[in-house]
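Please keep the sequence and the model in view while reading.

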Amino acid sequence: MAQKIKLKANDGSIVEFYDEIKARGGVKDVYFSVDKTYVVAFYRKKLDANDIERLKNIVNTYHQRIFESSPEGKYWEDYLIMPTRMVEWDGKIGVAVPFYNKRFFFSSGPFNGKEKEGKWFASAKLRNRFLPADQKGTWLTHLHMCIKIARAVRRLHAAGLAHSDLSYKNVLVDPVMGSACIIDADELVVPGKFPPGVIGTPDFIAPEVMETKELPIDDPKRKLPSIDTDRHALAVLIYMYLLNRHPLRGGKVHDLDPAKDEELSMGKNALFIELKDAGLSVETEVPFDVSYKGHIVGSYKADMIVEQKVVVELKATNTLAPVNEAQLVNYLTASGIDDGVLINFGSEHIQIRHRTRIYRPKAVIADT
């Protein structure tokens with residue numbers, strides 16, 4: 001029978017949990033608290049002084065900066081799951097982390113009771129093969145979900161932190177309600193102070209990190225995970241949740257060595273593959289005639305129409321201009337569809353604009 005363990009945390013508070021491992025991650029063992037409002041995750045290997053200092057900064061300085069320094073802090077508790085306290089037990093360092101909201105667990109189907117890892121919702125094949133219809137959400141709720149992820153990442157960056165391993169394994173999602181939360185925030189990077197412990201998850205590692213990963217960590221040419229590389233991972237996540245495929249993955253095999261193939265396909269020579277239907281109800285390159293007093297005076301071609309409800313325009317420019325938004329409104333007018341989304345992957349920060357056929361205030365969704 002599991003025994004109850006009672007410890008004093010770094011802030012003087014009491015942490016209570018049962019000594020039964022409930023989950024095992026890549027580097028930590030997870031135990032449930034007695035009241036099941038938090039988990040306690042202990043590192044299996046001994047941490048060095050740098051890692052311990054980094055964790056102290058996260059649970060003290062940065063936790064206070066994000067959650068306690070302003071009235072808005074409560075808002076972020078739903079979208080950023082960060083450790084709140086440090087403990088030591090049996091010679092191992094651990095962190096107490098709030099339990100995830102129940103909406104981030106499957107409530108039916110083959111994964112009933114398991115976490116809603118993003119991978120199940122980012123691949124057309126996995127969605128169609130394994131997910132019940134009532135768990136998939138709609139394209140519009142996926143868009144709302146992406147906005148929540150982008151806002152949470154932006155808040156981390158505003159506090160001076162980088163995630164370093166932003167991927168669908170470390171983002172839990174709820175496509176039904178259009179919500180998401182970022183997890184595994186004990187491995188956060190403090191740029192310029194604490195280097196990352198990992199370089200990321202394949203498919204989400206920035207090309208410059210892949211290209212220089214064999215260099216010594218102190219080589220000035222070595223590119224390490226940072227706020228900038230988080231933005232690459234964020235762009236890939238948003239692309240996958242909206243289009244259900246990876247933007248850099250195609251059918252081509254670059255090398256028979258899997259490690260070499262990964263480096264080449266994700267490196268500087270990677271190109272975005274052609275957009276096509278990925279299981280959603282999507283039409284691409286849809287033409288529209290524009291008429292005036294009964295005469296056709298021109299034509300437009302929309303990039304995508306999703307579920308016959310949303311016109312989507314994809315751009316890769318330095319920044320969105322008014323002419324891009326006007327073009328989107330023209331498509332809406334010509335098609336008779338009420339809602340349109342403009343997404344720019346080419347700017348330093350991903351840009352998303354929501355426009356309507358009939359004017360409604362506050363139509364800008366996000367610019368992160």
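## Lys6 and the strand around it

Lys6 counts as exposed because its relative accessibility is 58%, where exposed means over 50% relative accessible area, buried means under 20% and partly exposed lies in between, computed with a 1.4 Å probe on protein chains only. The residue belongs to strand E1, which covers residues 4-8; strands (E, at least two residues) and helices (H or I, at least four) are DSSP runs, numbered from the N terminus. Once neighbours within four places in sequence are set aside, Lys6 is in contact with Ile14, Val15 and Glu16, a contact being heavy atoms within 4.5 Å. The C-alpha atoms of Lys6 and Phe17 are separated by 6.8 Å, although these residues stand eleven residues apart along the chain.

The model is predicted, so that local features need pLDDT of at least 70 and side-chain atom pairs count only at pLDDT 80 or more, while totals for chains, interfaces and linings use all residues. Residues are numbered from 1 along each chain as its sequence is written, and side-chain values use heavy atoms, with hydrogens and water left out.

## Strand E4 and its partners

Strand E4 (residues 28-32) is largely enclosed by the rest of the structure, because four of its five residues are buried. Strand E3 (residues 23-24) pairs with E4 in the antiparallel sense over two bridges, and two strands are said to pair if DSSP finds at least two bridges between them. Within this pairing, Ala23 has Val30 of E4 as its bridge partner, and a hairpin through three residues joins E3 to E4.

E4 also runs antiparallel to strand E5 (residues 38-43), to which five bridges join it; here the bridge partner of Asp29 is Phe42 in E5. The hairpin of E4 and E5 has five residues between the strands, and in it Lys36 takes a positive phi near 55°.

## Aromatic pairs

A pair of aromatic rings is described by the distance of the centres and the angle of the planes. Rings of Phe, Tyr and Trp (for Trp, its six-membered ring) pair if their centres lie within 6.5 Å, and planes under 30 degrees apart count as stacked, over 60 as edge-to-face and the rest as tilted. By this rule the count comes to 18 aromatic pairs. Among them, Phe17 and Trp89 form an edge-to-face pair, with 5.2 Å centre to centre and 80° between the planes. Phe17 lies in strand E2 (residues 14-18) and Trp89 in strand E6 (residues 85-89), so this pair ties together parts that are 72 residues apart in sequence. Both Phe17 and Trp89 are buried.

Phe106 and Phe121 form a stacked pair, 5.8 Å centre to centre with 15° between the planes. Phe106 lies in the loop between strand E7 (92-98) and helix H3 (119-122), and Phe121 lies in helix H3, so the pair ties together parts that are 15 residues apart in sequence. Phe106 is buried with a relative accessible area of 3%, and Phe121 is buried as well, with 0%. One aromatic cluster is formed by Phe106, Phe111, Trp120, Phe121 and Phe130.

His163 is placed in the loop between helix H5 (139-158) and strand E8 (171-174), and it counts as buried at 2% relative accessibility.

Most residues other than glycine have a negative phi, and most peptide bonds are trans. Ser164, which lies in the loop between H5 and E8, has a positive phi near 80°, and this residue is buried with a relative accessible area of 6%. Asp203 likewise has a positive phi, near 90°; it lies in the loop between strand E9 (179-182) and helix H6 (207-211), and it is buried at 13% relative accessible area.

## The two sides of helix H9

The buried residues of helix H9 are Asn324, Glu325, Leu328, Tyr331 and Leu332. They cover an arc of only 115° around the axis, which puts them on the same side of H9, the arc being that of the directions from the helix axis to the C-beta atoms. On the other side of H9, Pro322, Val323 and Thr333 are exposed. H9 is followed by Gly336, which has a positive phi near 80°.
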